[in-house]
Amino acid sequence: MGNIKEELNKFGNELGMNIWLIEESPVVEYEAQTHQANMMNAPIKDAILDVHASSVPSNKRCGRGYHDYHISRAPITYTRTHLERFIDNWPAREQANKTEKSIALAGKDSFSSAFNRAFSMSNVTNIYDPDDDLIKAAVFEALLEREASCQFASGSNANLRVLLNIKESHGRESMTVSGELGPDNELRWALNHGKTTGRTWVKLLGIVYNLSHMDTLATLANILSMSFENLFKLSSDRHAAEFNGGSRPIEDVPAFLQLPGLPAGSACAELMEIRYIYGNAGQIIGAILRYRLNGNDFCLPATVGRGVLCMGKYKPTAHFLNQHLMDQHPFAPVIFFQDMRTALAFERMLGEARGYDSEKFIVTAHLGDDLSVLPWSYFHGHEVVLIPAPVKECMALVKLYKEYITGAQAKSFQVYSGFLLHSQPACALVGPVEGVTDAEAELLHTAIVLDAIERPLWLAQQVVNDSVSYEAFVAWGQRQCIFKGPNKASNVPSTGQSCSLPPADPALTPPLAYSLDMVTLYHIIRPGSFFALVGPKGSGKTQIAMSTCRGIIYGNTPWPLFSGNGISAGNVAYIDAETPYDEFCANQQQHGLTEVRDTRFFGLSRFDPHLPDFCNTFSLTDAAFREGLTTYLLENKCRVVVLDNLTALMGDGVHHGKVAETLLDWVKLLQGHGLCVVLVHHKTTDVGTPQHGVQARGSHLYTTLARTVITLVSSAEILNNSVAPEIVQTKAAQDGLTVGMRFDASKPAPVLDKKSFWLHLPFGASEWQFLTATGADGKEVEFAQVCAKPEAGLAIQGDPLIDAPESGDVAILDQLSSDEKLVFDMAKIAGTVKTADITKKLDCSDRKARNLTKSLEECGLLEPDGNSGSQQGYRIKN
């Protein structure tokens, strides 16, 4: 063999050619490659000369102007056995389980489909790499086709030449393969003298060896020394490029990828951006490749190997975007995005901003979901703000990020409680979005679309300023029903213990009322009863229900117009599954329930970070939740329970008759214990014949079995349909809440049937203003209401704030938000209020606290107390 090599080298020197021996061939075959301009015109006797031009730029192995010359003594043929050793199976990819290391999620592992559609799928998919394995496989197949043609053209892979020269004669099993590369560098092959033809290596290999499509990909990858995992599975191993400075690698990255197996017209992925990863010596050690397919972006890693920047050929090293800048600027804050695409979009914005440099902010991100292989030491000494991706499973990983970053001894770790979007959402996020929960709606409303930002430096500073501690982020996520709340000892005995309510006061069950002057609060809210409150979204169901609780607890307060005659019915529980926690607390304060919380009023909110153990699911379709709630109600001696609302508490189960029957069996159980159950429910938009004139969502049983059914008429219905008297329409056009209470059924007080009572509640007030009452015919009904009937246009104000100035403008106070009222009360009670006090009380950012005091100062309610710096506070303005 040595003598043959020496002869070949000598022969090549005479021709000015590079010659090497390929030992797999049974017949001596040698190949030469040289530039056409230097090729000597030397005749070769009895030889076959093949010339193939290539336009594939890959380390100059098949670039323009370079040709391959294959010289053989005689035609060479092979059998399929020559390549059988490369046959392989497509591997199953194991999914890493990070559940134990993540924050526990509440409910489902993802946001609702309506939420995802609103954000657009481009923002909620492909966070770390392409989510769709079919797309990843299609990308890999495109790279295999490209690399196979390149290796064949350069002559660097003799096994591909074997594939195109198979010739077997076995009767019916005989096979002849031939093929060549065309001028477009695309393969053209034929089987059995043209009976079957094709243009891809994958199809040819699959037919020749009778392999499935995926096994064919694995086999071709074996022949080409490539790996599917090199597209997404990153490693902590460092490549030789990281130790070599100065030299710039040759780029072998396709600008377009024609992806097989996808619908026609949607199978071309275009390279939109190359973002280089630099070593500390300034050398390129890798890159982030951002491709776009059908309007959606995804990112893949590129690796430097043997002086070439490519993908799929080498195991990619895990890097952070701009990791070299973290070392160069050790005191710069780091804005760390979970989504690489958002980081790239944000950095493009900063790059166009005047006055930006990396000493102010460093933007970073990473590819791959295996955090253990990343070089976390780059974060040493930095202040780090993490921007979560708008995906619940990604948000749950924040705990893991905290452990790695604090383990790297970062100066600080904080999290931004919100979302930044790299792509346009599918709809306007500030308006109502059908099908999302209130918590999801809040997330949509506060999301920031990067394309809409005109001052990126300001945004970067705001992101840093508004970030919160990890603990505050988790608490925020619990309030938004993203994360589970911590277990809390509820001191509730098991249902096996004896729990019962004392006998009810007979005054709580008055005789049937046949005239309006006989009606009291307890004709509607009475022990052992079942009351349904139905209304469209935004009609005031929660405000009516909160007023119910106030009337029951204090007894002498009208609800909203019927009094309890000074008799308190007992304790009340309010189970809320929809209202954000801060609003839930504000509602309690507005209706005077904060003072009796956990003594007379027991509120459970799905978004409360401190819930009893039985509230893990917070769903009435869960038997364990119903059982735990029953015990909770009895232990706290609750005479009334308000369930607000059925849709949020039951999900899709609200539409199923069997589920409704199960729920109402449980309601009967509570009634048997002497409780009054108030079901707050949504009005349906479906067209059909309602029960009792009520269009309640889901099963008719919710209203059919109720002793009292009230349907609310919203302000929008009042204004749009002229269903109310003129005084009501006038009020509905003003600020505040105007509502009609129509009694569709009232068995304890038949006189109320088909009558409507029209009310108005000014902003922030707890006392309702009675407007008028009408009968089934729409005509006004005489009613000696508890509160005097006001003149048209008279403004009835709500309860003043604590010790509000006697000469102050009460109208201004009533127009304040709940947070502004709380800050005003804090200043009134303590004498002065500081930013730190507000952030602690409201669990908000410093920026929001400063905005609240500034707003109250502009209203003339607060003024600076004379101190400066961190000691500055605000006091009530005289």
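## Overall picture

Accessible areas here come from the Shrake-Rupley method with a 1.4 Å probe. On that basis, the protein chain of this predicted model has an accessible surface of about 39,800 Å², and carbon and sulfur atoms account for 49% of that surface.

The chain runs to 878 residues, and 55% of them count as buried. Its secondary structure comes to 26 helices and 35 strands. Take the contacts between residues at least 6 apart in sequence: 68% of them join residues at least 24 apart.

## A six-stranded open sheet

Let's start with an open sheet of 6 strands, where the pairing is mixed and the order reads S9-S14-S13-S12-S11-S10. At the edges stand strand S9 (250–251) and strand S10 (256–258); each has a single partner strand, so one side of each is left without a neighbour in the sheet.

Further in, strand S11 (residues 268–278) runs antiparallel to strand S12 (residues 284–293), and 8 bridges hold the pair together. Along this pair, Glu273 sits opposite Arg290 in S12. As a general point, side chains in a regular strand alternate between the two faces of the sheet.

## Helices on that sheet

Two helices are worth a look here. Helix H4 (residues 133–154) lies across S10, S12 and strand S13 (296–305), and its direction is at about 105° to S10. Helix H9 (residues 340–351) also packs on the sheet, where it touches S11, S12 and S13 and makes an angle of about 90° with S13.

H9 has a helical partner too: its axis and that of helix H13 (residues 456–466) come within 8 Å, crossing at roughly 130°. The two helices are therefore oblique to each other. H9 brings Phe346, Met349 and Leu350 to the contact, while H13 supplies Pro456, Leu457, Leu459 and Ala460. Sorted by class, that gives 7 nonpolar residues, with no polar and no charged ones.

Now to strand S27 (residues 638–644). With 7 of its 7 residues buried, S27 is largely enclosed by the rest of the structure.

S27 pairs in the parallel sense with strand S24 (residues 571–576) over 6 bridges, and with strand S28 (residues 676–682), again in the parallel sense, over 5 bridges. Val640 is a handy landmark for both pairings: Val572 stands opposite Val640, and Val640 in turn stands opposite Cys676 in S28.

## Helix H14 and its surroundings

Helix H14 (residues 470–479) and helix H11 (residues 398–407) have axes that come within 11 Å and cross at roughly 180°. That makes H11 roughly antiparallel to H14. On the H11 side, Val398, Lys399 and Lys402 meet Tyr470, Glu471 and Phe473 of H14. By class, this contact has 3 nonpolar and 3 charged residues, with no polar ones.

How many of the 10 residues of H14 are buried? The count is 9 of the 10, so H14 is largely enclosed by the rest of the structure. The buried residues include Tyr470, Phe473, Trp476 and Arg479. What do the buried residues of H14 pack against? They pack against helix H10 (392–396), H11, strand S18 (412–415), helix H12 (438–446), strand S21 (468–469) and helix H16 (581–590). Just after H14 comes Cys481, with a positive phi of about 60°.

Technical notes:
Residues are numbered from 1 along each chain as its sequence is written. This is a predicted model: local features need pLDDT of at least 70, side-chain atom pairs count only at pLDDT 80 or more; totals for chains, interfaces and linings use all residues. Side-chain values use heavy atoms; hydrogens and water are left out. Helices (H or I, at least four residues) and strands (E, at least two) are DSSP runs, numbered from the N terminus. Buried means under 20% relative accessible area, exposed over 50%, partly exposed in between (1.4 Å probe, protein chains only). Contact means heavy atoms within 4.5 Å. Two strands pair if DSSP finds at least two bridges between them. Axes are lines fitted to C-alpha atoms, for helices over the stretch in contact, and angles run from 0 to 180 degrees between N-to-C directions. Angles under 35 degrees count as roughly parallel, over 145 as roughly antiparallel, 65 to 115 as roughly perpendicular and the rest as oblique. Ala, Val, Leu, Ile, Met, Phe, Trp, Tyr, Cys and Pro count as nonpolar, Asp, Glu, Lys and Arg as charged, and the others, Gly among them, as polar.
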